[in-house]
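Here's a quick tour of one protein chain, written for someone just getting started. Keep the 3D view open and follow along as we go from strand to strand.

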Amino acid sequence: MVEITCIGHSGFLVELPGHNLIFDYFTDKKRIITPEIFKNKKTCVFVSHRHFDHYNKDIFRWNGWGDIVYVLDSGCSAPKSDNIIFVSVGGGIDVFDDVNVKTYGSTDEGVSFLVKTGGFTIFHAGDLNDWYWEGESTPEELVLYENNYINIIKQLAGIKIDAAFVPEDPRLGRNSGRGVRLFKEIVAPAKIIPMHFSGNDGVRC
């Protein structure tokens, strides 16, 4: 049994038997993250990059609530602690011996995460997206940026992914779904869950 809750923006809580995975915590208007969810579970907290809408240092207030390991992009500043692991693009680590994490690139800052645990595979894109800013970039730049996105997600082709969190930012207008469509065509995960927009707080799936 896997339960996924969108905390808000690009933040998610993934509840698995024995584990919690929390990605890019930013805001929690519905108070989804409480001390109770940490009881009797190991928790991995992931931060893809340092942008304020992906990294809220309130996550360190959870220390002491349970068995927690923080996995942060190396560009993030954080207090010194034995339970913080910094990662960069192209890395791979095992957390708690039964959570495997691999890091991929981004078309903005930081990393994206591929996480395998308990027979379930999750991809969180962070700010990896086809940022197709029509009108703000030249046609040549748009092709370059899109090809960069495609080259990164091609690295995931052939990997069985059960759920992928991918940006669909409404600020891109008619191009907001461009990255999701490419991700679906190239990577073909079982489920794509869009993120990086307001109004998706506390949504369960």
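**The lead: a strand tucked away inside**

Strand β2 is largely enclosed by the rest of the structure, because six of its six residues are buried. Keep in mind that this is a predicted model.

**β2 and its partners**

- β2 covers residues 11-16. Gly11, Leu13 and Glu15 point one way from the strand, Phe12, Val14 and Leu16 point the other way, and all are buried.
- On one hand there's β1 (residues 3-8), which pairs with β2 in the antiparallel sense over five bridges. Look for Cys6, which stands opposite Phe12 of β2.
- β1 and β2 make a hairpin with two residues between the strands, and His9 there has a positive phi near 60°.
- β2 also pairs with β3, again antiparallel and over five bridges. Here you can find Leu13 standing opposite Ile22 of β3.
- What sits in the turn between β2 and β3 with a positive phi? That's Gly18, at about 90°, in a hairpin with two residues between the strands.

**Zooming in on Val14**

- Val14 is part of β2.
- Leaving out neighbours within four places in sequence, Val14 is in contact with Val2, Glu3, Ile4, His19, Asn20, Leu21, Phe23, Ile122 and Phe165.
- Val14 and Val166 are 152 residues apart along the chain, yet their C-alpha atoms are separated by 15 Å.

**The six-stranded sheet**

- Six strands make an open sheet in the order β7-β8-β9-β10-β11-β12, with mixed pairing. The edges are β7 and β12 (192-195), and each of these pairs on one side only.
- Neighbouring strands in this sheet are turned by 20° against each other on average, if you ignore direction.
- At one end, β7 and β8 pair in the antiparallel sense over four bridges. Val95 has Val99 of β8 as its bridge partner.
- Further along, β10 and β11 run parallel, joined by three bridges.
- Val166 stands opposite Pro194 of β12.
- How many residues of β11 are buried? Five of its five are. Ala163, Phe165 and Pro167 are buried on one side, and Ala164 and Val166 on the other, so both faces are covered.

- Helix α2 (residues 178-186) lies across β10 (120-124), β11 (163-167) and β12, and runs at about 150° to β11.
- Two packed helices are described by the angle between their axes and the distance between the axes.
- For α1 (residues 139-153) and α2, the angle is about 35° and the axes are 10 Å apart. The crossing is right-handed.
- On the α1 side, Glu146, Tyr149, Ile150 and Ile153 do the meeting, and their partners in α2 are Arg178, Gly179, Leu182, Phe183 and Ile186.

**Loop residues worth a click**

- Asp24 lies in the loop between β3 (19-23) and β4 (42-47). Asp24 is buried but has no salt bridge, and the nearest side chain of opposite charge, Arg171, is 12 Å away.
- Not counting residues up to four places away in sequence, Asp24 touches Ser10, Gly11, Phe46, Val47, Ser48, His54, His124 and Gly126.
- Most residues other than glycine have a negative phi.
- Asn40, in the loop between β3 and β4, has a positive phi of about 65° although it isn't a glycine. Asn40 is exposed, at 82% relative accessible area.
- Phe96 also has a positive phi, near 60°, and its place is in the loop between β7 (92-95) and β8 (99-104). With a relative accessible area of 17%, Phe96 is buried.
- Phe52 and Tyr25 are 27 residues apart in sequence and 9.6 Å apart in space, C-alpha to C-alpha.

Conventions: Residues numbered from 1 in each chain as written. Predicted model: local features only at pLDDT ≥ 70, side-chain atom pairs only at ≥ 80, totals over all residues. Heavy atoms only, no water. Buried < 20%, exposed > 50% of the residue type's maximum accessible area, 1.4 Å probe, protein only. Lys, Arg positive; Asp, Glu negative; His and termini not counted. Salt bridge = Lys/Arg side-chain N within 4 Å of Asp/Glu carboxyl O. Contact = heavy atoms within 4.5 Å. Pairing = 2+ DSSP bridges. Axes fitted to C-alpha atoms, helices over the stretch in contact; angles between N-to-C directions. Left-handed = near helix turned anticlockwise from the far one by under 90°.
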